[in-house]
Amino acid sequence: MSGTGTPVDGEGSAVPPALPPASADLLTRLAGLVKAARDADGRFQSNRAAAERAVSAAGSTGTDSWSTASVALARLESSRSSAMSALAELDLLYAEARNAAPVEESPSATAIGDARSQVAALLEAQDSLIARLAGRLRT
């Protein structure tokens with residue numbers, strides 16, 4: 001079986017239209033989510049020293065000092081909840097933007113991805129510290 005075809009005039013030579021830029025509303029929303037994550041990181045950082053001191057002073061499992069350290073570590077973990085919520089919302093926005101323009105990353109998806117990277121970097125640093133402190137608390 002074989003075949004041939006001839007493109008219709010103008011077909012194949014047309015450049016697809018450029019994707020629209022990210023809207024001002026989206027950029028404002030992204031800035032708000034990044035700010036919420038940075039504010040949460042500020043709370044995290046203000047709880048950090050107390051958690052580090054408590055973990056350093058913790059005795060064996062079940063002692064009062066261990067319990068105090070566990071509470072300080074839990075406070076540290078909960079202080080980042082707004083950043084985690086912001087990351088979840090950014091993940092959803094990114095998925096929606098990619099679904100809207102699956103072939104080529106749109107300017108909206110790029111802007112969302114940039115905001116997501118900023119928030120993810122904050123959370124990764126927090127995860128690292130929490131893991132380190134939790135590891136010291138267990139020993």
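Tutor: Contact here means heavy atoms within 4.5 Å. This is a predicted model, in which local features need pLDDT of at least 70, side-chain atom pairs count only at pLDDT 80 or more, and totals for chains, interfaces and linings use all residues. Residues are numbered from 1 along each chain as its sequence is written, and side-chain values use heavy atoms, with hydrogens and water left out.

Student: Leaving aside neighbours within four places in sequence, which residues is V119 in contact with?

Tutor: V119 is in contact with L33, V34, A37, A83, L87 and L90, once neighbours within four places in sequence are left aside.

Student: How do I read a nonpolar core?

Tutor: A nonpolar core is a set of buried Ala, Val, Leu, Ile, Met, Phe, Trp, Tyr and Cys residues joined through side-chain atoms within 4.5 Å. Buried means under 20% relative accessible area, exposed over 50%, partly exposed in between (1.4 Å probe, protein chains only). In soluble globular proteins, nonpolar side chains tend to be buried together. Here the largest core has 20 residues, of which L30, L90, I112 and V119 touch the most other members.

Student: Which elements give two or more residues to this core?

Tutor: They are α1 (24–57), α3 (81–100) and α4 (107–138); helices (H or I, at least four residues) and strands (E, at least two) are DSSP runs, numbered from the N terminus. With 7 residues, α4 gives the most to this core.

Student: Is S79 buried or exposed?

Tutor: S79 is buried, at a relative accessible area of 8%. S79 sits in the loop between α2 (64–78) and α3, and its side chain reaches the backbone oxygen of L76 at 2.6 Å.

How values were computed: Polar contact = N/O pair within 3.5 Å; in protein donor to acceptor, adjacent residues only side chain to side chain.
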